[in-house]
Amino acid sequence: MIRRTIMTGAAAAALFAGSLGAAGAQDTILLGAAAPQTGPLAGGATVTHWPAVRLWVQQTNEDGGLQVGDQQMTIELVEYDDQTNPQQAIQAAQRMATQDEVDFMVAPYSTGLNLAAAPIFAQLGYPMITGTAVTDQQPALAAQFPNMFFVLGRTSVMAEDTAQLLVDMRERGDLGDRVALVNVADAFGIEMAGISKAILEENGFEIVYETSYPLGTQDLAPVIDGARAAEADAFIAWSYPGDTFALTDQAIVQNFAPQVFFTAVATAFPAYQERFGDQIEGVLGMGGVNADDPAFQEFAQAHMEMAGQAPDYWASAATYAALEILGQAIEGAGTTDRAAVLEYLQDQSHEYATILGPVNFNENNDNERYWTVGQWQDGVFRGVASQGRDGVTEVETFDGWN
Amino acid sequence: MTTREIRNFIIAAALLALCALLPVYGSPYWLTMGTTMAMFAVLATSWALFSGPTHYISLATAAFFGVGTFVTGLGFQSLPFWALPLIAAGIGAVLAALVGLVTLRLSGVYFVIFTLGLAEMVRQVVTWVQNQTGHRGMYVLTSITEREIYWMLVGLGALVYLLGWLIGRSRLGFALRIIGNDETVAKHLGIDTALAKVALFMVPGAVAAAVGAMLAPRYIYIEPATAFAPLLSFQVVIMALLGGTGRLWGPIAGVIPFTLLWEVITRQAPNQTLLLLGIAFLLIVYVLPGGFVGLWDRLRRRYGGQP
């Protein structure tokens, strides 16, 4: 009996020592990432999401990894394709957590996929720092998922800032009263058009042309035609990548050149510049960065070297910043224990140094300093309106397609 | 009931219990996989109830499923959650009846095309309504867990099997088998073929809508593009045909290996999942015309046992 007890005790001690040894020997952090590599959003994710994630991992490892407590830990990335499918996004998160046993996970790409994956991140106890989720539901979401953080900002504020920019330009005497307001007919477009319309009307603008088109519409000539016939001074389109390109294309073909030309998502993409070259000087779009900030320039340079393409001038930096925040939280907590890291993130007094500038989270896990509107100026997409960010450039009048 | 039927019932009940207890003995990973499997099992089995005997290939699953998710999206704040799948099922059945009345007089290929277009049409209508009303993206924030969704799906699955069994024994089921073999003969026998088809088409319509309503809390953010994704319709068809539609247990025999294989492919070669869909389809056409069920029956015939 005594012998058996001793044996059990010895076995337990051996196990304990073994587990300690295993924990001590671990010098890599497994980081899981699932985002679209196929499906409708694969194009956007390969511009914005994947290069930023891979770049951060590469750079962190080149610098010797993260300083966790008294240990230097490198990062190993595990990648999955979620096929732009919420079902697959959930399954991928579950698989990474329980099969690959990753230490941390990168939040997925796009608002919809981030929200679909939120419950599983919460349930598994992983911090979820989103770089590409724009919503207005931060308070409700943060209440339900205390592990979910938002870097990119609020949709309604972006619509407000865009409308406010027009108000300011008119005050300066650069803009008339007539606005053409169009939107892609889905939740995003409808919501944004609604908010900006209310503000514009409140400020005495006249909406001379208003229409919407279904997602995936190929021929947008009638929209540009309508706006031109209505003699609009400003053209605001709450558009998605495909229609952003198609609308710009048509405006150039028809030489429709109002004093303000605004298209929403993808205006900040490098592909937009590649496609239209110098013609887009003065075009406004959603997002923006402080293009003169050395931190951003360094990021853009490294991005170019690694991925062979420039980052977009909006969410690329936010995706990268989300990982910088995660890294700093792990270092700050001094452990890879997820609960401790989460606690560190939830402490509102912590501030993180990122390529976006300093970021901190409010009581809704929300970053209150972000870019809202940008403009192509001298071949660079500069932020012309922001919430609490330095380096805002003066907005210029659009002087036609060169 | 014959002893054989009693035996089958006991086996079915035991299997059902085994499925229902998955959250107890399985890991969270398997619960997630199980939820996906249960979803496809319910969808494919109900799909096969109609498409099996009649040979009409319906690609409308995504349409009904999407309608269901929107029912939950619109109603979860004002109504108790248990009512939503019921309402969704009702709307799904009515929609199926309308579609059936219009299209089930058509033969084969016209029906396929129409059902494929249906999901897109409903999506555009929903989008148009949202646009007209200035409606915003829908957030379904509930406290419903994956485990509860899984149990709801298993419950619905049991219901579908029971219904399938009852239909198989009923006059309606008999009539549909005759229609499937030769519609002209069926008409000459005095069967109201249109009515029989419409009546049965309502079953997969109602079930798919109910499944959509149950899964909406899992998606949280509901937008037409994901709710009505056409891929779902094709997955259901492939899985059901892979398993075989000749027997009630056929579709699930396709769902389980297909979902596992899909998961393996996703892990090993993330870009090749659509290839799997294509290969499975070729396999069904060239090698397994009756699915696994057909194979099983062939093997049994060859190596003794009952015909």
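**Reading the fold, the domains and a helix pair**

Tutor: This is a predicted model. We begin with the secondary structure: chain A contains 14 helices and 15 strands.

Student: What radius of gyration does chain A have, and what would a compact globule have?

Tutor: The value is judged against the chain length. A compact globule of 402 residues would have a radius of gyration near 21 Å, and the 24 Å of chain A therefore agrees. Along the principal axes, the C-alpha atoms of chain A fill a box of roughly 95 × 40 × 35 Å. As for burial, 54% of the 402 residues count as buried.

Student: Which domains does the assignment give for chain A?

Tutor: Domain 1 comprises 28-154 + 293-371, and domain 2 comprises 155-289 + 372-387. Their centres, taken over C-alpha atoms, are 29 Å apart. Domain 1 of chain A brings 20 residues to the contact and domain 2 of chain A brings 19 residues. On the domain 1 side, α2 (42-48), α13 (315-333) and β14 (370-377) of chain A each supply at least two residues; α2(A) gives the largest share, three residues. By class, that side has 10 nonpolar, five polar and five charged residues.

Student: At what angle do α12 and α14 of chain B cross?

Tutor: One considers distance, angle and hand together. The axes of α12(B) (residues 231-243) and α14(B) (residues 273-286) come within 10 Å and cross at roughly 40°, and the crossing is left-handed. F234(B), I238(B), L241(B) and L242(B) of α12(B) meet L277(B), A280(B), F281(B) and I284(B) of α14(B). This contact has eight nonpolar residues, no polar and no charged ones.

Terms used. Residues are numbered from 1 along each chain as its sequence is written. Chains are lettered from A and ligands numbered from 1 in the order in which they are written. This is a predicted model: local features need pLDDT of at least 70, side-chain atom pairs count only at pLDDT 80 or more; totals for chains, interfaces and linings use all residues. Helices (H or I, at least four residues) and strands (E, at least two) are DSSP runs, numbered from the N terminus. The radius of gyration is taken over C-alpha atoms; the globule rule is 2.2 Å times the number of residues to the power 0.38. A residue is buried if 20 or more other C-beta atoms lie within 10 Å of its own, exposed if 12 or fewer, and partly exposed in between; C-beta atoms are placed from the backbone. Axes are lines fitted to C-alpha atoms, for helices over the stretch in contact, and angles run from 0 to 180 degrees between N-to-C directions. A crossing is left-handed if the near helix is turned anticlockwise from the far one by less than a right angle, and right-handed if clockwise. Two residues are in contact if their C-beta atoms, placed from the backbone, lie within 7 Å. Ala, Val, Leu, Ile, Met, Phe, Trp, Tyr, Cys and Pro count as nonpolar, Asp, Glu, Lys and Arg as charged, and the others, Gly among them, as polar. Domain bounds come from an automatic or database domain assignment.
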